[in-house]
Amino acid sequence: MGARINYVFKDSLTQPSVVLYSHWGETEWQRDLAMALEHSKPRHNDDSYATRMMISYLIQDSVLEETGFGIYAVNGPNYDLGEFTVVVDFVNRTIYEVGSSVQVKWSDFIQAYSPKVYAEQSAT
């Protein structure tokens, strides 16, 4: 049946947001998104490049596949898309699950979920 997830890349309060749909991403989304955020760090101040870099990172192993991912636009602020949905909020630089009031800063999210950070902490 899959572990479907939608990643909403929200870079405006008034304009549509880009959504990356993944058929198999829900089970490890925190780790995957933390690594995508880390990968896009050099462009965090350029929303369009950072969005492209995060999406590219998330789909890197399936970029030429026919299935598995989809990209579309959606109007907010209601992002109830039928499957588990997480919002990458460029306006506030936070991550949050749709339906939750908890918003986590990007830097804290990377610190909490990136395996690279774990490895660096273990080495010290």
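This is a predicted model: local features need pLDDT of at least 70, side-chain atom pairs count only at pLDDT 80 or more; totals for chains, interfaces and linings use all residues.
Visitor: In which strand does T94 lie?

Guide: Residues are numbered from 1 along each chain as its sequence is written, and side-chain values use heavy atoms, with hydrogens and water left out. Strands (E, at least two residues) and helices (H or I, at least four) are DSSP runs numbered from the N terminus. In that numbering, the strand that holds T94 is β5.

Visitor: What is the relative accessible area of T94?

Guide: Leaving aside neighbours within four places in sequence, T94 is in contact (heavy atoms within 4.5 Å) with V87, V88, D89, Q103, V104, K105 and W106. A residue is called buried under 20% relative accessible area, exposed over 50%, and partly exposed in between, using a 1.4 Å probe and protein chains only. T94 counts as buried because its relative accessible area is 7%.

Visitor: Is R93 buried or partly exposed, and with what relative accessible area?

Guide: R93 lies in the loop between β4 and β5, and although it is not a glycine, it has a positive phi of about 55 degrees. R93 is partly exposed, with a relative accessible area of 25%.

Visitor: What is the value of omega for the peptide bond from G76 to P77?

Guide: P77 is found in the loop that runs between β3 (69-74) and β4 (84-89). The peptide bond leading from G76 into P77 is cis, with omega near 10 degrees.

Visitor: Is K10 buried or exposed?

Guide: K10 has its place in strand β1. Not counting residues up to four places away in sequence, K10 touches S17, Y79, V87, V88, D89, F90, V91 and Y96. Its relative accessible area is 12%, so K10 is buried.

Visitor: Which residues touch the most other members of the largest nonpolar core?

Guide: A nonpolar core is a set of buried Ala, Val, Leu, Ile, Met, Phe, Trp, Tyr and Cys residues joined through side-chain atoms within 4.5 Å. The largest such core has 21 residues, and the elements giving two or more residues to it are β1 (5-10), α1, α2, β4 and α3 (106-113). The members that touch the most others are Y7, F9, L33, M54 and I95.

Visitor: How far apart in space are L20 and M54, C-alpha to C-alpha?

Guide: L20 sits in strand β2 (residues 17-22), and at 0% relative accessibility it counts as buried. Beyond its neighbours within four places in sequence, L20 is in contact with I5, N6, Y7, F9, I55, L58, I59, F69, G70 and I71. Although L20 and M54 are 34 residues apart in sequence, their C-alpha separation is 9.9 Å.

Visitor: At roughly what angle do the axes of helix α1 and helix α2 cross?

Guide: Axes are lines fitted to C-alpha atoms, for helices over the stretch in contact, and angles between N-to-C directions run from 0 to 180 degrees. Angles under 35 degrees count as roughly parallel, over 145 as roughly antiparallel, 65 to 115 as roughly perpendicular, and the rest as oblique. Helices α1 and α2 are therefore oblique to each other. The axes of α1 (residues 29-39) and α2 (residues 47-59) come within 8 Å and cross at roughly 135 degrees.

Visitor: Which elements are included in what covers the buried residues of α1?

Guide: The buried residues of α1 are W29, D32, L33, A34, A36 and L37. What covers them includes β1, α2, β4, β5 and α3.
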